[in-house]
Amino acid sequence: MSSILAALHLLALGVGLGGVYVRGRQLRYPLDDARLRNLFAADNAWGVAAVLWLVTGLWRFLGGIEKPTGWYLHNPLFHAKLTLFILILALEAYPMTMLIKWRIRVKKNMSIDPSPLSRMRLFNRLEIASVVVIVFIATFMARGHGI
């Protein structure tokens with residue numbers, strides 16, 4: 001079970017980082033119908049990855065499958081990793097809200113206001129950077145650093 005959870009947690013990295021990267025690329029250009037479909041698909045991948053990270057991460061943290069919960073609680077690198085994950089969730093509130101509104105407008109054949117694009121691109125870049133830092137922290141944790 002430990003290996004399966006670790007693999008799923010790592011798989012979420014590929015899905016999530018790919019999704020948020022593609023989402024950011026789609027936000028750089030005028031939003032025609034095809035670009036919106038790609039944008040929404042990439043956003044879906046990012047969302048699936050976030051859920052997968054959360055579920056597998058909590059299971060690994062609370063399940064004591066690999067390391068006891070206390071190991072994580074006393075590891076400052078884990079606190080940094082968790083802080084960055086919470087930061088990503090907070091940053092995601094704005095793009096998620098805008099994309100939900102845009103999805104509704106697209107379904108109703110209404111136009112989309114492009115004014116939030118620059119803010120969404122900024123948040124997207126901050127989320128990508130945070131994920132990359134999390135990968136480094138996780139790698140150090142996996143090698144026993146922080147305790």
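Reader: In which sense, left-handed or right-handed, does α1 pass α2?

Author: Two packed helices are described by the angle between their axes and the distance between the axes. A crossing is left-handed if the near helix is turned anticlockwise from the far one by less than a right angle, and right-handed if clockwise. Here α1 passes α2 in a left-handed crossing. The axes of α1 (residues 2–26) and α2 (residues 33–63) come within 7 Å and cross at roughly 155°, which makes α1 roughly antiparallel to α2 (angles over 145 degrees). The model is predicted: local features need pLDDT of at least 70 and side-chain atom pairs 80 or more, while totals for chains, interfaces and linings use all residues. Residues are numbered from 1 along each chain as its sequence is written, and side-chain values use heavy atoms, with hydrogens and water left out.

Reader: How many aromatic pairs does a search of the whole structure find?

Author: Rings of Phe, Tyr and Trp (its six-membered ring) pair if their centres lie within 6.5 Å; planes under 30 degrees apart count as stacked, over 60 as edge-to-face and the rest as tilted. The search finds 6 aromatic pairs. In one of them, F61 and Y72 have ring centres 5.8 Å apart and planes at 80°, so the pair is edge-to-face. This pair links distant parts of the chain, with F61 in helix α2 and Y72 in helix α3 (residues 69–73), 11 residues apart. For F61 and F78, the ring centres are 5.2 Å apart and the planes lie at 20°, so that pair is stacked. F78 belongs to helix α4 (residues 76–107), 17 residues from F61. F61, W71, Y72 and F78 form one aromatic cluster.

Reader: Are F61 and Y72 buried or exposed?

Author: Buried means under 20% relative accessible area (1.4 Å probe, protein chains only). Both F61 and Y72 are buried; F61 has 15% relative accessibility. F78 is also buried, at 12%.

Reader: Which charged residue lies over the face of W71?

Author: A charge sits over a ring if NZ of Lys or CZ of Arg is within 6 Å of the ring centre and within 35 degrees of the ring normal. K67 lies over the face of W71, at 4.9 Å from the ring centre.

Note on methods
Axes are lines fitted to C-alpha atoms, for helices over the stretch in contact, and angles run from 0 to 180 degrees between N-to-C directions. Helices (H or I, at least four residues) and strands (E, at least two) are DSSP runs, numbered from the N terminus. Angles under 35 degrees count as roughly parallel, over 145 as roughly antiparallel, 65 to 115 as roughly perpendicular and the rest as oblique. Buried means under 20% relative accessible area, exposed over 50%, partly exposed in between (1.4 Å probe, protein chains only).
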